[in-house]
Amino acid sequence: MSAIAPTTILAILPEILLLVLGILVLIVDPFWKKDESRRAGLGWLTAGGLLVIFAASIFLARPGSEPQPVLGGMLRHDWLAFAFKIFFLFAAAVTVLFFVDTEQLNRHAESYLLLLAATLGMCLMASAADLVMLFLAIETTSIPLYILAGFLTQDEKSAESGFKYMLFGAMTSAVLLYGLSLAYGFSGKTDLLELSASFASFSPLALGTIFLILVGLAFKVSLFPFHFWAPDVYEGAPTPVTGFLSTASKAAGFAVLMRLFTTAFPAISKNWTWILAILATLTMTVGNLIALAQLKDEGNIKRLLAYSSIAHAGYAMIGVVAFSEMGIASAVFYLIAYLLTNLAAFGIVIALSRVVGSDSIAAYKGLSRRNPTLALMMLVAFLSLSGMPPFGGFVAKVFVFTAAIEKGWIWLAVVGVLNSIIGLYYYLTVLKYIYLYRMEGENEELHPVPLTRPYALALAVLTIGVIMTGVIVAPWVRLAMNAASGLF
Amino acid sequence: MHFPILSIIVFIPLVAGLLILLYKPDQKKAIRVTALTAAALALLLSIIVYIAYDKSVGGYQFLEQYKWMPFLGISLKFGVDGMSVPLILLTGIVMLTGVMISWGIEDRPREFFAFLFILATGVFGVFSSLDLFMLFFFYEIAVFPMYLLIVIWGWIKTREYAAMKLTLYLFIGSVVSLVGALVMYWASGLHTFDMLLLEHAHFTPEFQKLWFPFVFLGFAVLGGIFPFHNWSPDGHVAAPTAVSMFHAGVLMKLGAFAALRVGIMLLPEGAKFHMKWIIFLALVNIVYGAFIAMVQTDFKYVIGFSSVSHMGLVMMGFATLTPEGLTGAGVQMFSHGVMTALFFAAVGMVYDRAHTREISELGGMIKFLPLVAIGFIIASLVSMGMPGFSGFVAEFPIYMGLWKTRWLIAVIAAISIVVTAAYILLVVHRVFFGYMPTKFEGHIGPINNLDKMALVLWCVIMIGLGLFPSLMVPWVQTGVQHVLALLGGA
């Protein structure tokens, strides 16, 4: 048995540390079980651990300028992987903070452990460079998330959510696996780089293979028409899990999609970019229009955000369609900005529903008087989602459209622009509930919405992040550009 | 490296706005004082910029540049020319007077001033940005606080409808322009959003003809151009007083200014080609706006539609593409800004006391609000284009330029002068003179000192500029020369 080189260890440092942290949580759990006051400690321990891993990854696991194959080419250690990994770690840390004060989630070490396992899977997804590894990584991510979605066993909706997610997930995994096996059948290779030789020229079968793979990944990122699971799952799942599903899990799907399509199928990109363009158009339009419909009868805010997050997958996809260094970079940047913003939006939903016990849009009436700070954070998050400066969402959208126009996708940019108008309408309408409408027959001053410490911390960090991605743009863009340049 | 005065002007309101958010909601006094101080400081600095701008040299001055996103050639680049300097000054004036007028806001003043100041940062930013991307950046910052300001503090009957309508119109306009701007970015091949470089990008005439309408009209929506003017009277009326002032006084200039800077200056060939029909849109604005204003029964709607009419004159001045027309348009932007700020302030003062804006129900206000009446009458004279007031200095050159190019349109547009005189005098007569309904007896309190100071300030500016056009015209002329140079000859 040969010794593993130190560079390899550094390359998979986040994964190793995640595993260690998971084991640590398991070990500590039985000792803290008796002590009710220590339950929160488990959350803080996990969050702190993730923070340490986050910092360690930034300082130690930084890739070189050249992509480095790891473990015999199973993984690739490059900037794309690095960029996504640190944001997965960040998202996981924030989500853990959201767990801490959520009833039932914080009672069990299992919830933290499952989250860590899913994060581990995502990190592998971001760097997998081999078909087998890819599939394993996707399953490692998905299975813990199925359980988390159905974690509230007493709650029918949550159980339905978990079950539905698993059924859809298993089905699309099968389709994906079929596509991957076809790809293997063509080439006899599982390494993505070597695969590209077999996809050098167009053939109907190649396109069919790509399509099957696309179905599997489209499910992960909830592209139309593979989005049907998302609203039900998002609504039923415990809200912190929903936040994680709609951001990190989606970004992980994009990471795989970008790496796979740019590494294995670049030669016939003309044959599949138009498919993605159509999917992006439909995804944006359908997502936004149905989100709009949620406003009727003061629907459920989680459903609204679910459809809006479907639409956002469409915007990010515009960058992939452009299929250029700038296009991929813009998609990565979009995902970063979106991850911060959407986590913030869900964080606010969690914080509020914990106090009022409702996820209805009507519950947001008078929020600006009940807790002005929380209302401001919601303002920031929603304006960023609608693509207004000086928040991350604006730069991200413009960046994506810029990339699309460079490659002549003017119509796609126009579709995106028109969609952002629909988006603006419903985001502003929600803000109207917060700032304009009053609680019926109540004095808001008597119904404050206090923020507990973990929420305040997480939301503050996220809000600052949303503003930072919109104001001090250069470092984030550099990261995204680095990530993209490794692929071309 | 000189003193970065422009970026300080741009960011003073933002910093003040954030500072205000740090106060507790009930520290209303402190919030107001902070707002007033910041606004006064911004005005002071904008006066300094105005005076220090060297007319004999012309061109862009007070240049500042900071890297922002070098990968895409975006930098935070500020600089002003003869066209934007008066507008910076105008924003300073409206901001300070807006705070003075809003002193009495009791419902969440903290958020009100914070949003208003974020808006002001956006406005200052657009007027001084020389980078196309940053121009959009600030443009959008100027748009979204509007929604909140109208929806929260607006007139209860129409605020939700008007605020959403306004925001969607403006957002649609700006994103249409944005697509045009991004296409320009790639077509130029320069990999920069720096407008000073893009001015010399030499886009092909076909390209310019294709994209000019998108870019120009997209911005002109905010300038209230027909047939996209519909949001503006509704928005004006629904907005609280200070926001109406900002909105009609400054924001509409934002649209006109951006249409000039991005549309006409970057795509001059397109401008020459398309102005033939844009001139008709402007004509409709002027005449139709005036007629619609005449039939309004709501005091504030009269002023709202008069803005549509007067902004049509600005567009008309642009559309002539002559030195006279452009100069007139430049002065008109300033003059109309001050005038309309006064109008809306006066409407607000009357409404706050009478609780109605129906013209037929008002009357005799001069007895209790003499200063408001005098101010309103002076603004009316400005709006009619009387010699001796700033309106004349602005409108006369526009008609001159128009006469030179298309005399028939000038004649038709001149109808609006008569109509304007008719409706505005009618309003003056009905609201301020005549018999005061008995129900108002004893209910009309005097205005406070800050209101008085604001009124006096506006009147002094309008009369001063009317008597001494050289206080502003030379500034605008240097800006116009640059525009004409880009248009080639003339």
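This is a short chat about a predicted model and some of its contacts.

User: What should I know about the model and the numbering first?
Analyst: It is predicted, with local features needing pLDDT of at least 70 and side-chain atom pairs counting only at pLDDT 80 or more, while totals for chains, interfaces and linings use all residues. Residues are numbered from 1 along each chain as its sequence is written, and chains are lettered from A and ligands numbered from 1 in the order in which they are written.

User: OK, is Ala290(B) buried or exposed?
Analyst: Ala290(B) counts as buried because it has 26 C-beta neighbours inside 10 Å, where 20 or more is buried, 12 or fewer exposed and in between partly exposed, with C-beta atoms placed from the backbone.

User: And what is Ala290(B) in contact with, leaving aside neighbours within four places in sequence?
Analyst: Ser309(B), Ser416(B), Val419(B) and Thr420(B), contact being C-beta atoms, placed from the backbone, within 7 Å.

User: Switching to the chains, how many residues does each give to the contact?
Analyst: Chain B gives 27 residues and chain A gives 26 residues.

User: Which element has the largest share on the side of chain B?
Analyst: That is α6(B), with 13 residues; helices here are DSSP runs of H or I with at least four residues, strands are E runs of at least two, and both are numbered from the N terminus.

User: What is that side like by class?
Analyst: The side of chain B that touches chain A has 24 nonpolar, 1 polar and 2 charged residues, with Ala, Val, Leu, Ile, Met, Phe, Trp, Tyr, Cys and Pro as nonpolar, Asp, Glu, Lys and Arg as charged, and the others, Gly among them, as polar.

Methods:
Two residues are in contact if their C-beta atoms, placed from the backbone, lie within 7 Å.
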